[in-house]
Amino acid sequence: QVQLVESGGGLVQAGGSLRLSCAVSGSIFSRYVMGWYRQAPGKQREKVAQIRSGSTSNYADSVKGRFTISRNNANNTVYLQMNTLKSEDTAVYYCNAALGFTNYWGQGTQVTVSS
């Protein structure tokens, strides 16, 4: 099976930066569309960023200009560089791998931004 493991979450001050990593195993990484989602308490899970194998990316309006998604197909890892963090970025961040109708999810990593 495909397994996704996130890392890099933590507590940061508003205006700071954090880099999340997602290591993927169990399949051919380059075939999957990779994404980062987040979910805050009481809110719906939302897509933050997505990247295809050709490195075409898209972002939620709330993070455009601040977050950057990238992937390294050589080591099967997707990253989310988060800059100028705001308190509203506080959430559990999940790594996602999608191919056709099949979706795989990581366990999530907590990001807390203090004001």
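The points below concern the salt bridges and their surroundings.

1. The model is predicted, so local features need pLDDT of at least 70 and side-chain atom pairs count only at pLDDT 80 or more, whereas totals for chains, interfaces and linings use all residues. Residues are numbered from 1 along each chain as its sequence is written, and side-chain values use heavy atoms, with hydrogens and water left out.

2. A search of the whole structure returns 4 salt bridges, a salt bridge being a side-chain nitrogen of Lys or Arg within 4 Å of a carboxyl oxygen of Asp or Glu. Arg-38, Glu-46, Arg-66 and Asp-89 are joined in a network of such contacts.

3. Arg-38 pairs with Glu-46, their closest N and O atoms lying 2.7 Å apart. Arg-38 is buried at 5% relative accessibility, while Glu-46 is partly exposed at 31% (buried means under 20% relative accessible area, exposed over 50%, partly exposed in between, with a 1.4 Å probe and protein chains only).

4. Asp-89 also forms a salt bridge with Arg-38, with 2.9 Å between the closest N and O atoms. Because Asp-89 sits in the loop between strand E8 (77-82) and strand E9 (91-99) and Arg-38 in strand E4 (residues 33-39), the pair ties together parts that are 51 residues apart in sequence; strands (E, at least two residues) are DSSP runs, numbered from the N terminus.

5. Asp-89 forms a salt bridge with Arg-66 as well, at 2.8 Å between the closest N and O atoms. Arg-66 lies in the loop between strand E6 (57-59) and strand E7 (67-72), so this pair ties together parts 23 residues apart in sequence. Both Asp-89 and Arg-66 are buried, Asp-89 at 0% relative accessibility.

Conventions
Helix = DSSP H or I, 4+ residues; strand = E, 2+ residues; numbered from the N terminus.
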